[in-house]
Amino acid sequence: MSLTASGCVVVHGEREVLPSATRAEAAKALEQFTSAYNAADKAYDTSLDADHTTGALAAIDSARLKAGRANHPDGNPSHTPLELTDAEFTIPKKAGWPRWFVADAKGNKGGDTRWLLVFTRHGMEETWQAAYLTLVAPGKVPEFKTDADGWAEAVPANATDVAAPPGDLSKDYTVYLKDGGQTFADGAHTSTWRELRQKRSKRPGLVTQYIDEPLANGDYAPLALRTKDGGAAVFFSTRHYEKQTAAQGVSVPTPNEDVLALTDGEIKQSLTMEFVSNQIALDPADGPVSVLGRVQGLTSAKGE
């Protein structure tokens, strides 16, 4: 992969700037994802939607289904089909692979939030796969810049005309969660989350430690779209570890059945949980970055 002087990504010699998908293809991809997601959720079978998810969403979804299958071998007793309506598609015009687009839809779960899904593929013959899923309040969905034909603009990972290069946000976020700083604006997924973790780390008889790691390669790579105000809306991933260690004579709080289903080893004095999280952030031309939405899921755990 290399960059041309114009900033367009060139992969396998492909230089032509084209829409990543037609609107009909995008609508079909969303329909196929929803159908596969519902089949997998009903049966608690990861194989039924594995071809339609990737990256952070695949890590979160497959672990959820694995836990569900362990506890309910006959399928999901509380399955309610996901319905995504009022869908809008933002499709960037770009060169090279991966091609990708954003679907913004109203879901029948999650209250009145909008479901933002990012679909990617690496070749014409590949199936469109959902890599990111975030939930955003209706009035907080970014306004994307589009040209006269309605196509959006992809922002390069190394862009310097925004507050933080999109490719650095995963690392920047993990640094912020540990040390604080001015990169991110206060909010539920930034300052409030840091305060909550600090409180949890000081419970009597129980020490909780947090380690945060960036996830920015391969199908976890950040993807960004230009917004009308000149900034960027960035989808990015992170990995988080939470280790609970009990003092002598004190027990680690008993986790729920889904956590236990993903736990290796016996929980004696400690429990380490691994999570994958995906976020959408508003990265302005100037000023702090705002994290608009975040979906996190447990992917594994270890008892000691």
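Predicted model: local features only at pLDDT ≥ 70, side-chain atom pairs only at ≥ 80, totals over all residues.

I started at N108, which I found in the loop between β6 and β7. Helices (H or I, at least four residues) and strands (E, at least two) are DSSP runs here, numbered from the N terminus. N108 comes out partly exposed, with a relative accessible area of 37%. My cut-offs are under 20% relative accessible area for buried, over 50% for exposed and partly exposed in between, with a 1.4 Å probe and protein chains only. Skipping residues up to four places away in sequence, N108 touches T80, P81, L82 and E83; contact means heavy atoms within 4.5 Å. I also checked N108 against G181: they are 73 residues apart along the chain, and their C-alpha atoms are separated by 37 Å.

Residues are numbered from 1 along each chain as its sequence is written, and side-chain values use heavy atoms, with hydrogens and water left out.

Next loop: T227, between β10 (223–226) and β11 (232–246). Buried or exposed, I asked of T227? T227 is buried, at a relative accessible area of 2%. Its contacts, not counting residues up to four places away in sequence, are P142, E143, F144, K145, A232, A233 and L282.

Then the backbone. Most residues other than glycine have a negative phi, and most peptide bonds are trans, so I went looking for exceptions. Y44 is not a glycine, yet has a positive phi of about 50°. I located Y44 in the loop between α1 and α2, and it counts as buried at 11% relative accessibility. D86 also has a positive phi, near 55°, and is a residue other than glycine. D86 is in strand β4 (residues 84–90) and counts as exposed at 51% relative accessibility. For the peptide bonds, I noted a cis one joining W97 and P98, with omega about 0°. P98 lies in the loop between β5 (93–94) and β6.

Aromatics. How many aromatic pairs does a search of the whole structure find? I got 10. Rings of Phe, Tyr and Trp (its six-membered ring) pair if their centres lie within 6.5 Å; planes under 30 degrees apart are stacked, over 60 edge-to-face, and the rest tilted.

Cores next. A nonpolar core is a set of buried Ala, Val, Leu, Ile, Met, Phe, Trp, Tyr and Cys residues joined through side-chain atoms within 4.5 Å. The largest has 20 residues, and those with the most contacts inside it are F33, L84, F101, L117 and F119. At least two residues of this core come from each of α1, β6 (99–107), β7 (114–121) and β8 (129–136), and α1 gives the most, with 5. Another core of 17 residues lies apart from it, with Y176, L177, F184 and A232 among them.

I then listed contacts for F119, leaving aside neighbours within four places in sequence: A29, L30, F33, R99, W100, F101, A103, W128, Q129 and A130.

Last, the second largest pocket, with a volume of about 440 Å³. A pocket is an open set of points on a 1 Å grid over the protein atoms alone, where a 1.4 Å probe fits, with protein on both sides within 12 Å along at least five of seven lines; lining residues have an atom within 4 Å of a point. Points are joined across faces, edges and corners, and the volume is the space filled by probe spheres set on them. Of the 25 lining residues, Y37, I60, D61, R64 and G297 are the closest to the pocket's centre. α2 supplies the largest share of that lining, 7 residues.
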